[in-house]
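Hi,

Here is the structure I promised to pass on. Have a look at it first, and then read my notes below.

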Amino acid sequence: MPKRSKPEEVEKKDGDFDDESFTEDFETGKTENVGEETSESVLPKIDAAASVGKSVDLEDIPGVGKKIAEKLAEVGYTDLMTIAVTSPVELATIAEIGEGQARKIINSVREMLQIGFESADKIMERKLAAIKIKTGVESLDKLLGGGVETQAITEAYGQFASGKSQLGFQLAVNVQLPKEQGGLGKNCLFIDTENTFAPSRIVSVAKARGMDPDQVLKNIFVARAFNSEHQIFLVEKAAELIEEKNIGLIIIDSLTSHFRADYVGRGELAGRQQKLNKHLHALQRLADGHNLAVYITNQVMARPDMLFGDPTAPVGGHILAHLSTYRMYLRKGKAGTRVCRLMDAANLPETEAIFKITEDGLKDAEK
Ligand SMILES: Nc1ncnc2c1ncn2[C@@H]1O[C@H](COP(=O)(O)OP(=O)(O)OP(=O)(O)O)[C@@H](O)[C@H]1O
Ligand SMILES: [Mg+2]
């Protein structure tokens, strides 16, 4: 348990909490200011979904002075949602303040954020705002119900050379097309974990679409992730870039390779899954908060125990299966084709699409 810091360590400013003027209802977690006015009435209300990843001036939060703000910023706690979901113990440790004060700060932020239950029509409304990036392969678009959807995580898993990265490159180009042509008219953030990002493929695909390849390359923001922690960090940092660079698609190629390498052995499985779970939630929050699409690739591992059928299974286990909205299984087909099967999608039938990889990108295979 972190020690409560001495009063002189906590810098106060106007609007800071005065410890004595608060009572706390631990049942509801609500903080009530018994002073002249309630904090609720003066706090600005901010839409929770829209606040995700947006850095704010932390000193605007009641109870947060310059020193605390600096400590929070040091660890990247610069948006309201991050603070709202932090535990008092964690916040107290980071900001070197008492747990009571940490709880008050969290409660203020929660009051500022309009979180709560949503009526189903609101959810419907948001879902209707979801748009799709066309893959450029008709049969694949059909399979996906129109293309790669915003507010969702689309995963492609399969063996080496099955086309996972190629589809990523193609989407990185297509997202830049105007809406009438199946794009979002937005840019791409590409997290490359295997050092396989191929600008030459982007150029070919862009040229085939009559786009200016130099401009298309400029609109793809590539970050190399060196290990799983770095990958997590890049996603946490992505929020700022998303607004600044008008990002409509985030690609992680591959999502799982670092996690696989960094957490070896059975004993580390739980830790790995926990990190992966958090990482995927962060991605989903970005997808929801910015109405953008997320495309991730994933390897398969051999399953020698399986005698019949396809002896391969995606890495990542149940967590990935659960958190990917759309799962595509890619495999090599006859005569150099690739076959895509959509796995366990809630609202789409499990069918197959057949395509080929050409110099100009992915195309429908001739019937
Ligand atoms: N210019 C091109 N013209 C035609 N086919 C190409 C071209 N570039 C790549 N390919 C095809 O794409 C395949 C590689 O696909 P991709 O890189 O998407 O594999 P992957 O599924 O990402 O594999 P890995 O698991 O190794 O990352 C190559 O084997 C080749 O068949
Ligand atoms: Mg690849």
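**Notes on helix α3 and beyond**

Among what covers the buried residues of α3 is α5 (88–95). (Helices here are DSSP runs of H or I with at least four residues, and strands are runs of E with at least two, numbered from the N terminus; a residue is buried if 20 or more other C-beta atoms, placed from the backbone, lie within 10 Å of its own, and exposed if 12 or fewer do.) This is a predicted model, in which local features need pLDDT of at least 70 and side-chain atom pairs count only at pLDDT 80 or more, while totals for chains, interfaces and linings use all residues. Residues are numbered from 1 along each chain as its sequence is written, and chains are lettered from A and ligands numbered from 1 in the order in which they are written.

Back to α3, residues 66–74: I68, A69 and L72 are its buried residues. They sit on the same side of the helix because they cover an arc of only 100° around its axis, taking the directions from the axis to the C-beta atoms. K66 and E74, on the other side, are exposed. After α3 comes G76, with a positive phi near 85°.

As for ligand 1, 13 residues surround it, counting those whose C-beta atom lies within 6 Å. F160, A161, K164, S165 and Q166 are the closest. Helix α9 gives the most to this shell, with three residues.

One caution: pLDDT, the predictor's confidence from 0 to 100, stays under 50 over residues 1–41. Where pLDDT is low, the predicted coordinates should not be read in detail.

Best wishes

Terms used. Contact = placed C-beta atoms within 7 Å.
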